[in-house]
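User: I have a structure open and some terms to sort out. Can you take me through how they are applied?

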Amino acid sequence: MLNLMYITNRPEIAQIAESAGVNRIFVDMEYIGKSLRQGGMNTVQSHHTLNDVKKVSEAIRHAELLVRVNPIHDAANKYDSSKEEIDQAIENGANIIMLPYFKTVGEVDKFIRLVNGRAKCIPLLETPEAVEVIDDILKLDGLDEIFIGLNDLSLGYGMKFMFELLCDGTVEELCYKFHKHGIPFGFGGIASLGKGQLPSEMVIAEHYRLGSTCAILSRSFCNVGVISHMGVISSTFVNGVREIREYEKSVAVHSKFFNENQKLICDTVHTILGGCK
């Protein structure tokens with residue numbers, strides 16, 4: 001089954017997600033350059049902190065704690081260097097460090113050396129430049145997993161809808177390369193069953209067709225910025241995760257419809273794009 005990830009810096013929400021079966025709690029510290037490239041878009045820009053890492057780490061017991069740091073950078077007036085940031089994230093309890101928005105082999109190599117085996121290393125592949133050099137990146141020692149960031153990668157290619165990447169062969173070719181090197185991978189986000197601009201069921205089936213091992217539960221899965229009642233949040237997680245797990249079981253044993261699902265994804269994406277004109 002997929003490793004499900006949920007982004008939060010609230011210890012009480014992390015505990016609810018963990019209890020419901022979410023495998024990884026995701027603290028998102030990335031902010032350098034993010035507002036500029038995603039300006040005006042309805043995307044998650046969390047601004048979580050190292051203190052959030054510590055608080056969430058102390059709150060959870062079984063789920064892994066994934067921390068997305070900033071792209072490789074030197075120290076400046078407003079922030080510490082990548083080394084200091086990664087060191088502190090690990091000291092505060094991070095089990096997994098994710099590197100966003102890299103463009104070169106050198107950045108990933110430096111990332112692996114900075115983590116130095118103290119946590120799992122997951123590069124977040126989300127630039128066309130990184131796609132161009134992915135063969136060399138995959139030769140590096142120390143990669144534990146890799147994740148494809150559909151939103152920023154689609155922006156980099158000038159696309160209007162992130163799931164276009166599931167239709168033009170980009171994701172499939174990358175997944176083939178990850179398989180070839182024996183590196184686990186994931187991509188994108190999923191909503192609750194029956195929801196999402198591209199229905200969650202289609203996306204989950206595509207994860208299984210491609211051999212993905214993880215996905216982020218999208219903000220729409222449980223938007224705690226809108227829902228305030230803790231009982232409602234808890235039931236949303238419990239029911240939502242259970243429904244996803246039940247659907248995964250049916251997908252895993254009925255793989256014959258994968259090709260049909262892929263065609264349906266592309267037809268749906270083209271319909272959505274038609275409405276974007």
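Analyst: Start with a cut-off. A residue is buried under 20% relative accessible area, exposed over 50%, and partly exposed in between. Note also that this model is predicted.

User: Why does Tyr79 count as partly exposed?

Analyst: Tyr79 has 27% relative accessibility. Buried needs under 20% and exposed needs over 50%. The value lies in between, so Tyr79 counts as partly exposed.

User: What makes Tyr31 partly exposed?

Analyst: Its relative accessible area is 31%. That falls between the cut-offs of 20% and 50%, so Tyr31 is partly exposed.

User: Why is the pair of Tyr31 and Tyr79 edge-to-face?

Analyst: Two values decide. A pair of aromatic rings is described by the distance of the centres and the angle of the planes. The centres of Tyr31 and Tyr79 are 6.3 Å apart, and rings pair within 6.5 Å. Their planes stand at 75°, and over 60 degrees counts as edge-to-face, so this pair is edge-to-face.

User: What makes this a link between distant parts of the chain?

Analyst: The two residues are 48 residues apart. Tyr31 sits in the loop between strand S2 and helix H2. Tyr79 sits in the loop between strand S3 and helix H4.

User: How many aromatic pairs are there in the whole structure?

Analyst: The search finds six. Ring pairs also link Tyr6, Phe221 and Phe237 into a cluster.

User: Which residues have the most contacts inside the largest nonpolar core?

Analyst: They are Val67, Ile97 and Phe237, in a core of 79 residues. Helix H11 gives the largest share, six residues. Another core, of 10 residues, lies apart and includes Phe26 and Met98.

Key:
Residues numbered from 1 in each chain as written. Predicted model: local features only at pLDDT ≥ 70, side-chain atom pairs only at ≥ 80, totals over all residues. Heavy atoms only, no water. Core = buried A, V, L, I, M, F, W, Y, C linked by side-chain atoms within 4.5 Å. Buried < 20%, exposed > 50% of the residue type's maximum accessible area, 1.4 Å probe, protein only. Helix = DSSP H or I, 4+ residues; strand = E, 2+ residues; numbered from the N terminus. Phe/Tyr/Trp six-rings, centres within 6.5 Å; stacked < 30°, edge-to-face > 60°.
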